[in-house]
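Please walk through the structure below one region at a time.

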Amino acid sequence: MTETTRPLAPPPAAPLARLAWRNLWRHRQRTILLLVVVAYVTFLTIVYWSFVDGYGESVVESYARYIASPVRIAADAWYEDPDPENHLGDLAFVEELAGASGVREASLRIHFPALLQSAYVTQGVEVVGVDPAAERALSRIPAKVAQGRWLAGPGEVILGDEVARRIDARIGEQVVVSAASLAGPQAMGLRVAGIARTGVAAVDQTAVIVHLEDARRLTGVPTATTVDLDVVRGTEAAVAQRVQALLPAGVSARGVWELVGPIKTDVEANRVFAHVLAVVVYAFAALAVASTVFVSVMERTRELGVIAALGVAPRRLGVLVTLEALFTCVLGWVGGLGLGYAAAWFLATYNILGPVFGAVSAGVPTAGLSEEVYGAVRAAYAAYSGLVIAVAVVFSALVPGRRAARLQPATAMRAD
Amino acid sequence: MKATRSRVVVTVLGSLLVLASVLAPAAGGLSAAAQGEAQPGPYEDPAAVLEAVLDNLRGGPLRGTYTFLVERPGRATEYVMEFVTDGEERGLIRIIAPPREAGQAFLMDGDDLWLYNARLGRSLRLPPSGRSSAFLGSDVSYNDIVGRDMEKDYTVAFAVPGATQTAGAAGDTIDTIVLELTPRQGAPTPYGRVIISIEAATLTPQWLDYYDQRGRVVKRLVLSEYLESAGRRVPQLMVVEDRTREGYRTVVRLADVQMGAAVPGSCFTLQALERGCP
């Protein structure tokens, strides 16, 4: 009497998962190798995006704090033609700004062209008249006065480091600022109170900062050309939109992203390029993971043949291989997340990238690049890196997994 | 754009400008102090001495021709210009040589300075810094001697009390007064001080030294070859030396002087700037 041989029922999924998990630690070296590869890819992805996003934010932040402002309010005519003649008609709205949500400080400024003269040199400059107290909250320049001190009152001037060097002016010496605007030709002798060294070429090479009252005398502007607002980083556009309702006709508020001009195009182009580059890197990373899994399957042909002979269906072998890859990738991904976010936090907290861009800043003075470049930290980076790993796991299922699924147990057990 | 025009004005100002020497000799002669003999010392009020010197420098109405020889290391450039002044705060200069600059004109009316560019056919108003900027790239500026800016911008004192005796150009001994001018607070001048040597008998300046704020002479003006007529004294030669740069010097000569010439007010208008003085 013969019994019909019936194939064994496939083992349930849970035992397959346990088998896959145990297989990982049976081949510790191989597993660790794949773990390291996956963790490295994850780490690299996070650091890469931390740098890309952080660089763009640093440029814009630097522009906002050194050259323009986070939010600027000016007459529409002034945006078209930044001449003192296009100054703000009245400043009644400024009081209302103080109560506007998101506005931490409002500072009046007068921008005007002038001649700067020392006993040796005369040169054309762009002068900014400011409220010294309000400017401390709005701009980083007051904290970057390397010699002397920040403005204390009228009769003083702050010069950029390169400006002072070019006209050979020293702390305590008098220079002459001349302008011709609404008040007709005017000239004043101002004492050099401080010399700023910011690391931002656009500031160090051009900054001439005077007291708002001196600027009013020189230009005849009774109010200001701009009102600049200090807001939390990242809220510039929202605050600009919010305060617009408080402004009279013909006056507009613009966030720094609207003020950066050509730099915006550069930053956006860099970001597009970063995505393209990232896709290429992701593809290679996924291939690296999949190829590691593939080699692993190749080396375990006999072992897989034994497993198949013990009753695991070939199709289930494919699932087993894919599960092994999945577990390893997840472990590596988690480890990479930890390392990557730690590195991103470090880059976001400490100015590691800044000195690297010091030379670039000097070559592109209008870019607003400073010596302070920080990384960014965003939750989305986990998704970016997870996507890479997911693609890698899919590759693993497609190639090594299918190979395992097509194994012939007898043939496999005879393999070397 | 207006801002662009302002910047052009500023830029042009930085490289051109000012008349000073034109009015300086134009000033030669004039006012009460110049009527007859200058009062000899001793002078007790340095401000009065300075006022008298400036009065003596500002002449009555005057026409003439200036020649600027701008010397630089390895090269020299000569400018010839016609000028007319009312002896006070107004003057008109028109460049007649070299050809590339010919036709340019400058109008000064108090604090207002105007430049006419013949090629562009446009007149530009220049800021007051032109008064202390280089004229035609030379070492001469309006504020070197001319106008009353010295009285406005500086406090004056005797560098040496009373008059001292110094060697004259003719080998004789002359009485000399030395004034020291110190900038007033906030005055639009970059200098630390100015020293003026004055011939006591005639109250005409012999030389001026401009100091920076570190005690170094950065510019020297030497006036000589005074032309005297009807109680007025006009320096026919002025040498301006840039003491910060080797070989930088400007020699200004005055010729064809017409003292007391008829100078109508219409000579100092924008129309005259563009078309010439009648």
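B:Asp112 counts as partly exposed, because its C-beta neighbours inside 10 Å number 18; a residue is buried with 20 or more other C-beta atoms within 10 Å of its own, exposed with 12 or fewer, and partly exposed in between, the C-beta atoms being placed from the backbone. The model is predicted: local features need pLDDT of at least 70 and side-chain atom pairs count only at pLDDT 80 or more, while totals for chains, interfaces and linings use all residues. Residues are numbered from 1 along each chain as its sequence is written, with chains lettered from A and ligands numbered from 1 in the order in which they are written.

B:Asp112 lies in strand S5 (residues 112–117) of chain B. Helices (H or I, at least four residues) and strands (E, at least two) are DSSP runs, numbered from the N terminus. The residue touches A:Pro185 and B:Arg125, leaving aside residues up to four places away in sequence; contact here means C-beta atoms, placed from the backbone, within 7 Å.

Chain B has 5 helices and 14 strands. Of its 278 residues, 48% are buried. Among its contacts between residues at least 6 apart in sequence, 58% join residues at least 24 apart.

In chain A, A:Ile141 sits in the loop between helix H5 (132–138) and strand S4 (145–148). It counts as buried because it has 24 C-beta neighbours inside 10 Å. Not counting residues up to four places away in sequence, A:Ile141 touches A:Tyr66, A:Ala196, A:Thr198, A:Val203 and A:Ala207. A:Val200 is 59 residues away from A:Ile141 in sequence and 9.9 Å away in space, C-alpha to C-alpha.

Helix H8 (residues 212–219) of chain A has 6 of its 8 residues buried, so it is largely enclosed by the rest of the structure. The buried residues are A:Leu212, A:Asp214, A:Ala215, A:Arg216, A:Leu218 and A:Thr219. Their cover includes strands S2 (105–117), S3 (122–130), S6 (174–181), S7 (184–196) and S8 (208–211) of chain A. Just after H8(A), A:Gly220 takes a positive phi of about 80 degrees.

The domain assignment of chain A, automatic or from a database, gives domain 1 (13–64 + 264–413) and domain 2 (70–256). Their C-alpha centres lie 48 Å apart.

The largest nonpolar core has 119 residues, and A:Val157, A:Val177 and A:Val289 have the most contacts inside it. Such a core is a set of buried Ala, Val, Leu, Ile, Met, Phe, Trp, Tyr and Cys residues joined through C-beta atoms within 7 Å. H2(A) gives the most to this core, with 18 residues. Both domains of chain A give residues to the core, so it lies between them. A second, separate core has 63 residues, including B:Trp114, B:Leu115, B:Tyr191 and B:Val251.

Helix H2 (residues 28–67) of chain A also meets helix H13 (residues 314–349) of chain A: their axes come within 7 Å and cross at roughly 35 degrees. Axes are lines fitted to C-alpha atoms, for helices over the stretch in contact, with angles from 0 to 180 degrees between N-to-C directions.

Terms used
Contact = placed C-beta atoms within 7 Å.
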